[in-house]
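We will go from one selection to the next.

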Amino acid sequence: MTQRITAWSEIDNGLVPVDEGELFYETAGSGPAVVLLHGGMLDQHMWDEQFTWLVNSGLRAIRYDARGHGLSSTVTGDFAHHDDLCALLDALDVPSAVLVGLSHGARVALDTALAHPGRVTALALASPGISGRAFTDPFVLAHIKEQVAAIGAPDGAERYVEHFLRIWVDGPHRDPSAVHPGFRERMRASAAANVEVHADGMGAGMPLEVGAADRLGEVRVPTVVFDGDLDSRDISANAHAIALAVPGARRVRIPGAAHMVNLENTPLFDHELHAFLSSLDY
């Protein structure tokens, strides 16, 4: 099934088998491959603003729903997101790709660069998570505690999603009323859909990770890291750690944005990402 993205390019989509499941993907364009990895509890549509211009820049854009998200399979047992990503690259005949990830997507991108270094051309890490690095910000920990308390309650799903929004959309420095209501509703609808569709996968298995926190110095590809000035201390610390430890990494601070930097300050994010991609020697 295809749909047009420009007069000369079409979006192809489909399902790729992985161990005990399948991944839903979309791809368009030709040229060097760029894979977009979404944040936790969201799906590939958080990259709608970037997908088209990447294709129109002469790149092959690939985005997919991670296991337990969107139109991909619900989690049924232990698995590794970085292995799932490599299975997708194999199915699409992509030897290596630039990985552009936000939050949990950045966490997976880093793990992939360490577990499968030959598959990664470069890293663009937005509001990055890092496997093996625990949350310490009291704001984040308090809302995670409330999320856990909501599980199983009659209104638990709604409360769970609201605490997700407080941490990862509003951030610690502003009230929900300070966030654009259309943007907040878009994120709420995406997270609520994931909770509804993949509720059976909660606790069904654990993602197997690399422990990137102690191995950042092993990353050997061009790397840029983005973080918003309204995000939590944990994410700012992660961005600083990557910029400090990954050889040659550059940090870009995005003003006027919390966690979702690609959606809250889209012009600046797109400009900086385009500049980074244009600087690469493919």
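Predicted model: local features only at pLDDT ≥ 70, side-chain atom pairs only at ≥ 80, totals over all residues.

**Stop 1: helix α1.** Select residues 48-56. Q50, F51, W53, L54 and V55 are the buried ones. Now show what covers them: the cover includes β2, β3, β4, β5, α8 and α9. Just after α1, click G58, which has a positive phi of about 90°.

**Stop 2: D48 and R63.** These two form a salt bridge, with the closest N and O atoms 2.7 Å apart. D48 sits in helix α1 and R63 in strand β5, 15 residues apart. D48 is partly exposed, at 34% relative accessible area. R63 is buried, at 5%.

**Stop 3: D84 and R67.** Here is another salt bridge, 2.8 Å from N to O. D84 is in helix α2 and R67 in the loop between β5 and α2, so the pair ties together parts 17 residues apart in sequence. Both D84 and R67 are buried.

**Stop 4: R174 and E264.** Their side chains meet in a salt bridge at 2.6 Å, N to O. R174 lies in the loop between α5 and α6, and E264 in helix α8, so the bridge joins parts 90 residues apart in sequence. R174 is buried, at 14% relative accessibility. E264 is partly exposed, at 22%.

**Stop 5: a network.** Select E162, R166, D170 and R184, which salt bridges link together. The whole structure has 16 salt bridges.

**Stop 6: helix α9.** Select residues 266-279. Its buried residues include F269, L273, F276 and L277.

**Stop 7: the surface.** V148, I151 and M202 make a nonpolar patch of about 290 Å². M202 is in the loop between α6 and β8.

Notes: Residues numbered from 1 in each chain as written. Heavy atoms only, no water. Helix = DSSP H or I, 4+ residues; strand = E, 2+ residues; numbered from the N terminus. Expected span 1.5 Å × (residues − 1). Buried < 20%, exposed > 50% of the residue type's maximum accessible area, 1.4 Å probe, protein only. Patch = residues over 30% accessible without salt bridge, like charges linked within 9 Å, V, L, I, M, F, W, Y side chains within 5 Å. Areas by Shrake-Rupley, 256 points an atom, 1.4 Å probe, with all protein chains shown as cover. Salt bridge = Lys/Arg side-chain N within 4 Å of Asp/Glu carboxyl O. Contact = heavy atoms within 4.5 Å.
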